[in-house]
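Please consider the structure shown below together with its sequence.

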Amino acid sequence: LEAEIRTGLTEHQFVPYYQPLINLDSGELKGFEVLARWNHPTRGVLEPAEFIPIAEGNGSIAGLSLAVMKEALVDARDWPEHLIIAVNVSPVQFKNPLLAQQIIKLLTETGFPAQRLELEITESTLLEDQELALTTVETLKNYGVKISLDDFGTGYASLTQLRTLPFDRIKIDKSFIASLL
């Protein structure tokens with residue numbers, strides 16, 4: 001699969017799938033979470049769990065993620081203005097000090113409004129290099145991008161970290177909630 005990922009990238013086999021985000025109070029469609037899928041020529045449609053860890057390990061996650069994000073930005077650009085798209089960003093990508101500039105470049109190239117993009121990061125992103133994470137988050141927020149903490153309660157983030165980083169939304173993992181009961 002490692003070699004096939006590189007081929008898949010050059011042949012545009014990685015595509016966005018859209019999971020609806022619904023406002024539970026009103027039932028109104030708020031937007032979509034972008035989920036990567038691999039339209040593999042012989043294995044069919046592959047789920048992220050089958051290829052993301054490999055892509056993170058071989059260094060191709062950034063290219064894969066940005067390619068899927070770019071396609072999603074183009075798709076969603078002409079959707080109704082109230083709809084957002086939420087995109088997961090790998091902790092591996094957050095190690096790149098140029099990540100914010102790469103995302104801003106995609107927004108500029110596609111003409112997608114920054115305020116309609118929400119990036120989802122996980123707790124492990126905060127553990128690696130909190131200073132770099134804060135710089136990246138602040139740069140993107142200053143540009144208008146929203147930032148969400150995904151899967152809170154599965155790692156080691158503290159409430160202090162939640163106050164330190166300017167999150168627009170916190171998604172609490174169901175395993176955390178289940179453990180409270």
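The model is predicted: local features need pLDDT of at least 70, side-chain atom pairs count only at pLDDT 80 or more, and totals for chains, interfaces and linings use all residues. Residues are numbered from 1 along each chain as its sequence is written, and side-chain values use heavy atoms, with hydrogens and water left out.

The secondary structure of the protein consists of eight helices and seven strands; these are DSSP runs numbered from the N terminus, with helices (H or I) of at least four residues and strands (E) of at least two. Of its 181 residues, 41% are buried, a class that means under 20% relative accessible area, while exposed means over 50% and partly exposed lies in between (1.4 Å probe, protein chains only). Contact requires heavy atoms within 4.5 Å. Among contacts between residues at least 6 apart in sequence, 67% join residues at least 24 apart.

The strands may be followed by their pairing, for which DSSP must find at least two bridges between two strands. β1 and β2 run antiparallel and are joined by nine bridges, with Val15 opposite Arg37 in β2. Six residues lie between the strands of this hairpin, where Gly27 adopts a positive phi near 80°. β2 in turn pairs with β4 in the parallel sense over four bridges, and Val34 stands opposite Val87 in β4. β4 also pairs with β5, again in the parallel sense and over four bridges; here Ile85 faces Leu117 in β5. From β4 the chain crosses through helix α4 (residues 99-110) to β5, forming a right-handed β-α-β crossover.

Glu2 belongs to helix α1 (residues 2-10) and counts as partly exposed because its relative accessibility is 45%. Glu2 and Ala55 are 53 residues apart in sequence, yet their C-alpha atoms are 7.2 Å apart. Beyond its neighbours within four places in sequence, Glu2 contacts Ile54 and Asn58. His12, in the loop between α1 and β1 (14-22), counts as exposed because its relative accessibility is 64%. Although not a glycine, His12 has a positive phi of about 55°. Most residues other than glycine have a negative phi. Gln93 is placed in the loop between β4 and α4 and counts as buried because its relative accessibility is 4%. Apart from neighbours within four places in sequence, Gln93 contacts Ile61, Ala62, Ser65, Leu66 and Leu99.

The last topic is the largest pocket. On a 1 Å grid over the protein atoms alone, a pocket is an open set of points where a 1.4 Å probe fits, with protein on both sides within 12 Å along at least five of seven lines, and lining residues have an atom within 4 Å of a point. The largest pocket holds about 520 Å³ of space, the volume being that filled by probe spheres set on points joined across faces, edges and corners. Its lining comprises 22 residues, of which Leu35, Pro48, Ile52, Asn88 and Val89 lie nearest its centre. Elements that each supply at least two lining residues include β2 (29-40), α2 (48-58), β4 (84-88) and β5 (117-122).

Terms used:
Right-handed = clockwise from strand over helix to strand, strands pointing away.
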